[in-house]
Amino acid sequence: MAVDRLPDGKWQLTLHDLEPVSVHRLPDEVHIILAPPCGEPLRPTTAKTPPPPEPAPDPIRIDTAARTVYIEGRQLDLPRLEFDLLAHLVLHPQRAFTRQQLMDALWPTCRSSARTVDVHIARLRRRLGPGCRDCISTVFGIGYKYLPTP
């Protein structure tokens, strides 16, 4: 788990091997219920536990310096907003983001509706094609997350 303070003064909580199941907002606090992905129990890592197998290679590779996306080895040209959105999701795999979190992180000066994210997600899924569109998962009641292997 990691907690970071963002430039806008908000706090970011990064969880490894856990995902939010539900979020309850109260006037002065937020209650978040966490669980292992896919309902699998957490396995403690000990010296006797063999390391997990190497994960399959990620079908989407992002070169942020060159602003280039490779889908299963082929280059994909994306407009700026869609590149920013995909890069943010891919760089934070399996982390669920609300629409507002994505707007704040990617387009802080944009004053559009948070539903703008839905439009860009739909366009991005179309561009990714049938082999990779499911890598961007809808988290109902929350927003979106990137799953390297859907």
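Predicted model: local features only at pLDDT ≥ 70, side-chain atom pairs only at ≥ 80, totals over all residues.
Which residues make the meeting point? On the α2 side they are R99, L102 and M103, and on the α3 side they are T116, V117 and D118. Sorted by class, this contact has 3 nonpolar, 1 polar and 2 charged residues.

## The chain as a whole

Let's step back to the overall layout. The secondary structure comes to 3 helices and 10 strands. Followed along the sequence, the elements come in the order β-β-β-β-β-β-β-α-β-α-α-β-β.

How much of the chain is buried? Of its 150 residues, 31% are buried. The accessible surface comes to about 10300 Å², and carbon and sulfur atoms account for 55% of that surface. Turning to contacts with a separation of 6 or more, 40% are between residues 24 or more positions apart.

## A look at T68

Is T68 buried or exposed? With a relative accessible area of 9%, T68 falls under the 20% cut-off, so it is buried.

The side chain of T68 reaches the backbone oxygen of A66 at 3.1 Å. Setting aside neighbours within four places in sequence, T68 is in contact with R61, I62, D63, Q75 and F83.

Notes:
Residues numbered from 1 in each chain as written. Heavy atoms only, no water. Helix = DSSP H or I, 4+ residues; strand = E, 2+ residues; numbered from the N terminus. Buried < 20%, exposed > 50% of the residue type's maximum accessible area, 1.4 Å probe, protein only. Contact = heavy atoms within 4.5 Å. Areas by Shrake-Rupley, 256 points an atom, 1.4 Å probe, with all protein chains shown as cover. Polar contact = N/O pair within 3.5 Å; in protein donor to acceptor, adjacent residues only side chain to side chain. Nonpolar A, V, L, I, M, F, W, Y, C, P; charged D, E, K, R; others polar.
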